[in-house]
Structure formats: structure tokens, C-alpha cells
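Here's a quick look at a hairpin, a charged pair and a sulfur link. Have the structure open as you read.

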Amino acid sequence: MRRLLLKLVVLFLPFISLGQTHFEEQSTAFVSQNELKGNVILHHSEKIREAKNVGMHFQSFTVQPLQAEFSDEVKSLEIERIELKDNHCLIQFNAAGFCGYSYLGEIQIIGDTLNLIYQSYGSSTLGNCRYTFQYEVKKELNESMLNLKYIMINGNPETKKELGKKFVN
């Protein structure tokens, strides 16, 4: 019986020790040979290409751990900060996710709404964490641009927030 237990421990020990147990100050993204590591903008996705076609450029996407563990209390997903300066827009919100996961970021234009999309990926982890997501987009200045009026998260209409002023003055 001891030999069987010892064999099982030796067999599964590498799998148990694979989980991420710490966070770096800032996640960095690396894409090499179609391998994703870290938080990444999906630059060549269809949604981002369509956004570029109407003059919207996805400049940056950062994800920072907000707290290592959180309670089972459900906090609503809501846009917390929007900064509009000339043709730049910085949007920030907090969301729950598995500890140690990384995120893929996209944007999508749906009518007069900028949809902020994130998708988690990674290996199994223990526990849930809260993250701060930050998107920076830039709009080209020309007469054929859309006038965005709203921003929402992952296509969820409950997160839709009206912009205080037009995206481009």
C-alpha cells in the first residue's frame, strides 16, 4: 500500500506544482510561434480589424491583480473610469477571474457602442481573484468616423455606460 501511495505522489507531484502562486507587478505579453503568454491584444482578430476599418485603434490592454483572494460575494461588473482626451479614451473596470490566469483583449464596434471584450486562459488554479482591466483606444480624426455614445463589457447590455461627451470633440 505504501509503495502504491509513493508511486502516486511521485506521478502527480509535477502536476500539483504547476499552478502560479505569485503575481508579477505587471504582466507582459509574448507571442512567439503562435504561442500566447501573458495578457495579449488579439491584433489580427476579425473584430479588431473591423474596428480599425472605421478608424478605431486598440492601443493597449493591461490587467493587474487587484486582490489575491475574494469572498463569494458577487460584485457587479461595471465600468469604473473613463478618461476622454482629444481622440484617446482610457477605460477601466474590475472583474473576477481565476488566480493566475491571463487574458486576451479585443474591441468591437456595435453601432454607436464600443464593446470591450476579454477572455481568460490558463491552466487550472486554486481560488478566485479580482483584476483591474484597462483598455486604451485611439480614434482617427476624419469625417467618416462613427460617433460613439456608449461603452459596454463583453457584450453585456447591463454594463453599458453612456459617454459623458462625444468621443472626438
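A residue is called buried when its relative accessible area is under 20%, exposed when that area is over 50%, and partly exposed in between. By that cut-off Cys-89 is buried, because its relative accessibility is 1%. Keep in mind that this is a predicted model.

Now for the hairpin. Strand β5 (residues 78-85) and strand β6 (residues 88-98) run antiparallel and share seven bridges. Within that pairing, Glu-78 sits opposite Asn-94 of β6. Two residues lie between the strands, and Asp-86 in the turn has a positive phi of about 50°.

On to charges: side chains of opposite charge can pair when their charged atoms come close. Searching the whole structure turns up one salt bridge. The partners are Arg-81 and Glu-83, with the closest N and O atoms 2.5 Å apart.

The whole structure also has one disulfide. It joins Cys-99 to Cys-129, with an S to S distance of 1.9 Å. The two cysteines come from distant parts of the chain, 30 residues apart: Cys-99 is in the loop between β6 and β7 (102-110), while Cys-129 belongs to strand β9 (residues 128-139). The link of Cys-99 and Cys-129 is right-handed, with 100° about the S-S bond.

| Residue | Relative accessibility | Class |
|---|---|---|
| Arg-81 | 31% | partly exposed |
| Glu-83 | 29% | partly exposed |
| Cys-99 | 7% | buried |
| Cys-129 | 0% | buried |

So Cys-129 counts as buried at 0%, whereas Arg-81 is partly exposed at 31%.

Notes:
Residues are numbered from 1 along each chain as its sequence is written. This is a predicted model: local features need pLDDT of at least 70, side-chain atom pairs count only at pLDDT 80 or more; totals for chains, interfaces and linings use all residues. Side-chain values use heavy atoms; hydrogens and water are left out. Two strands pair if DSSP finds at least two bridges between them. Helices (H or I, at least four residues) and strands (E, at least two) are DSSP runs, numbered from the N terminus. A salt bridge is a side-chain nitrogen of Lys or Arg within 4 Å of a carboxyl oxygen of Asp or Glu. Buried means under 20% relative accessible area, exposed over 50%, partly exposed in between (1.4 Å probe, protein chains only). A disulfide is a pair of cysteine sulfur atoms within 2.5 Å.
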